[in-house]
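Please look through the sequence and the model first. The notes below are meant to be read alongside them, point by point.

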Amino acid sequence: MRKTDEEVKRRIIKVAKRMDEKGLVNAVEGNISIKKDGLVYITPTAQSKAWLTEDMIAVLDEDGNQIEGNMKYSTEAPMHLATYKKRQSGCIGSVLHCHPTFLTAHAICRKPLGGAFYPEHVVVYGTIPVAPYGQPGTDAIHEGVGNLLDESDIVLLANHGVLAVGETIEQALATVEAAEHTAMIFAACKLVGEPVNITGEDYETLLKMRAERVKMLYK
């Protein structure tokens, strides 16, 4: 039997607990995976992220067969396995799926998260896109993502939640946390008044900065 990496399991558990503490998932939602040395380590299905233990983390081989773990792997495992192949650069080392309140509201409304009034969002995210609806637990949910990850580390899944990737699972989590905070700010703006867009040369400068970021990170 292939030797597995216990540190990878501990990292997954640490991120899972933070997701629970930050309210990014409810008791049975969400899934996390890390790919290392040809193996995919993934959280079990329908288990609270607050109480995971190392023996509960499923380990899958290159063919998707479970070779370790005392619980069944997440039903979203096909989405994770497919997502690792989405970028030709191969720089996706982790996949995170969750249901943060404000980002999921955008996903349910099928409304991309973007705007010309918040410089940080324009440069870091541009517009967070919405992938077409796909039935959870089926290939349709990841097929809809298509090439959206070519220019973004985060995608909204229509009527479902959020998919984020990173070279590390910590990066993927940071992306979700930051995006959720931005979504909260956007929602608060609507309560205060109508957001005022950045225009003219100032906005063009932000777009150029965004284009450079995309070129550096995703191409």
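1. Overall content. The secondary structure of the protein comes to 7 helices and 8 strands. Bear in mind that this is a predicted model.

2. Size and shape. A compact globule of 219 residues would have a radius of gyration near 17 Å, and the protein has 18 Å, so the two agree. Along the principal axes, the C-alpha trace spans about 60 × 35 × 30 Å.

3. Surface and interior. Of the 219 residues, 46% are buried. The accessible surface comes to about 10,900 Å², and carbon and sulfur atoms account for 54% of that surface. The protein carries 24 positive and 29 negative side chains; the centres of these two sets lie 1 Å apart.

4. Contacts along the chain. Take the contacts between residues at least 6 apart in sequence: 64% of them join residues at least 24 apart.

5. As background, strands of a sheet pair through backbone hydrogen bonds, either parallel or antiparallel.

6. Strand E5. Is E5 largely enclosed by the rest of the structure, or open? It is largely enclosed, because 5 of the 5 residues of E5 are buried. Ser94, Leu96 and Cys98 point one way from E5, Val95 and His97 point the other way, and all are buried.

7. The two partners of E5. Strand E5 (residues 94-98) runs antiparallel to strand E8 (residues 161-166), and 5 bridges join them. In this pairing His97 stands opposite Leu163, and Cys98 has Val162 as its bridge partner. Strand E1 (residues 31-36) is also antiparallel to E5, with 4 bridges. Here Ile32 stands opposite Leu96, while Asn31 has His97 as its bridge partner.

8. The E1 and E2 hairpin. E1 pairs with strand E2 (residues 39-42) in the antiparallel sense, over 4 bridges. One of the bridge pairs is Lys35 with Val40. The hairpin has 2 residues between the strands, and Asp37 takes a positive phi near 55°.

9. Gly93. This residue is in the loop between helix H2 (77-83) and E5. Gly93 has a relative accessible area of 12% and is therefore buried, the cut-off being under 20%. Leaving aside neighbours within four places in sequence, Gly93 is in contact with Ile34, Lys35, Tyr84, Gly166 and Glu167. The C-alpha atoms of Gly93 and Val40 are separated by 9.5 Å, although the two residues are 53 residues apart along the chain.

10. Ile154. Strand E7 (residues 154-157) holds this residue. With a relative accessible area of 0%, Ile154 is buried. Beyond its neighbours within four places in sequence, Ile154 is in contact with a list of residues that includes Leu103, Tyr125, Ile128, Pro129 and Leu149. The list also includes Val162, Leu163 and Ala164, and Ala164 in E8 is the residue that Ile154 stands opposite. Ile154 and Leu96 are 58 residues apart in sequence, and their C-alpha atoms are 9.4 Å apart in space.

11. Strand E7 and its partners. Ile154 and Leu156 point one way from E7 and Val155 and Leu157 the other way; all are buried. E7 and E8 run antiparallel and are joined by 4 bridges. They form a hairpin with 3 residues between them, and Asn159 in the turn has a positive phi of about 60°. How do E6 and E7 pair, parallel or antiparallel? They pair in the parallel sense, over 2 bridges. In that pairing the bridge partner of Val130 is Leu156.

Technical notes. Residues are numbered from 1 along each chain as its sequence is written. This is a predicted model: local features need pLDDT of at least 70, side-chain atom pairs count only at pLDDT 80 or more; totals for chains, interfaces and linings use all residues. Side-chain values use heavy atoms; hydrogens and water are left out. The radius of gyration is taken over C-alpha atoms; the globule rule is 2.2 Å times the number of residues to the power 0.38. Buried means under 20% relative accessible area, exposed over 50%, partly exposed in between (1.4 Å probe, protein chains only). Contact means heavy atoms within 4.5 Å. Accessible areas come from the Shrake-Rupley method with a 1.4 Å probe; for residues, only the protein chains shown count as cover. Lys and Arg count as positive and Asp and Glu as negative; His and the chain ends are not counted. The place of a charge is taken as NZ of Lys, CZ of Arg, CG of Asp or CD of Glu. Two strands pair if DSSP finds at least two bridges between them.
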